[in-house]
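Trainee: I am new to this structure and would like to know what the terms rest on. Please show it to me.

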Amino acid sequence: MSRTPQEVFADHGTRLGTGDLDLISQNYTEDAVFLTPEGTLTGHEGVRRGIGKLLADLPDAEWQLTPIFAGNVLLLQWTAATGTHEVTDGVDTFVFRDGPISAQTVRHTLTPRTA
């Protein structure tokens with residue numbers, strides 16, 4: 001039995017907290033598409049590269065997530081802050097296919113944090 005989008009997303013959040021890119025990529029289909037303004041990444045390797053960059057840009061960040069589900073689609077609005085940088089305009093979309101994530105878009109602006 002496949003997991004619901006809500007179950008996959010909850011597990012995705014837990015896996016993100018580990019920072020283990022191999023573990024994180026297991027919540028995606030083999031042919032997943034990861035779209036960013038910089039380009040399109042594909043498969044588990046693309047997911048590892050895309051999420052790896054995000055986690056490197058925002059190490060040990062405090063995240064605020066607002067998920068909105070509609071069937072197999074998720075709109076995620078988010079903010080994140082570290083000691084040196086922040087994102088105040090994060091928006092992702094996720095498409096789930098029979099459980100795992102088959103597509104994700106990622107859009108945010110990384111800015112230096114002001115005191």
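Mentor: Begin with helices and strands: these are DSSP runs numbered from the N terminus, where a helix is H or I with at least four residues and a strand is E with at least two. Two strands pair if DSSP finds at least two bridges between them. This is a predicted model, in which local features need pLDDT of at least 70 and side-chain atom pairs count only at pLDDT 80 or more, while totals for chains, interfaces and linings use all residues. Residues are numbered from 1 along each chain as its sequence is written, and side-chain values use heavy atoms, with hydrogens and water left out.

Trainee: How do you know that E5 and E6 pair?

Mentor: DSSP needs at least two bridges for a pair, and 6 bridges join E5 to E6, which run antiparallel. In one of them, Phe94 has Gln104 as its partner in E6. The two strands form a hairpin with 4 residues between them, and Asp98 in the turn has a positive phi of about 50°.

Trainee: In which sense do E1 and E6 pair?

Mentor: E1 and E6 pair in the parallel sense, over 4 bridges. The bridge partner of Tyr28 in E6 is Ile101.

Trainee: Why is His12 called buried?

Mentor: Buried means under 20% relative accessible area, exposed means over 50%, and partly exposed is in between, with a 1.4 Å probe and protein chains only. His12 has a relative accessible area of 2%, so it is buried. His12 lies in helix H1. Contact means heavy atoms within 4.5 Å; leaving aside neighbours within four places in sequence, His12 has contacts that include Tyr28, Phe94 and Ile101.

Trainee: Why does Leu110 count as partly exposed?

Mentor: Leu110 has 32% relative accessibility, so it counts as partly exposed. Leu110 lies in the loop between E6 and strand E7 (111–112). Not counting residues up to four places away in sequence, Leu110 touches Asp57, Leu58, His85, Glu86 and Val87.

Trainee: What makes a set of residues a nonpolar core?

Mentor: A nonpolar core is a set of buried Ala, Val, Leu, Ile, Met, Phe, Trp, Tyr and Cys residues joined through side-chain atoms within 4.5 Å. The largest one here has 21 residues, and those with the most contacts inside it include Tyr28, Leu58, Trp78 and Phe94. Among the elements that each supply at least two residues of this core are helix H1 (5–18), strand E1 (28–36) and strand E5 (85–96). E4 gives the most, with 4 residues.
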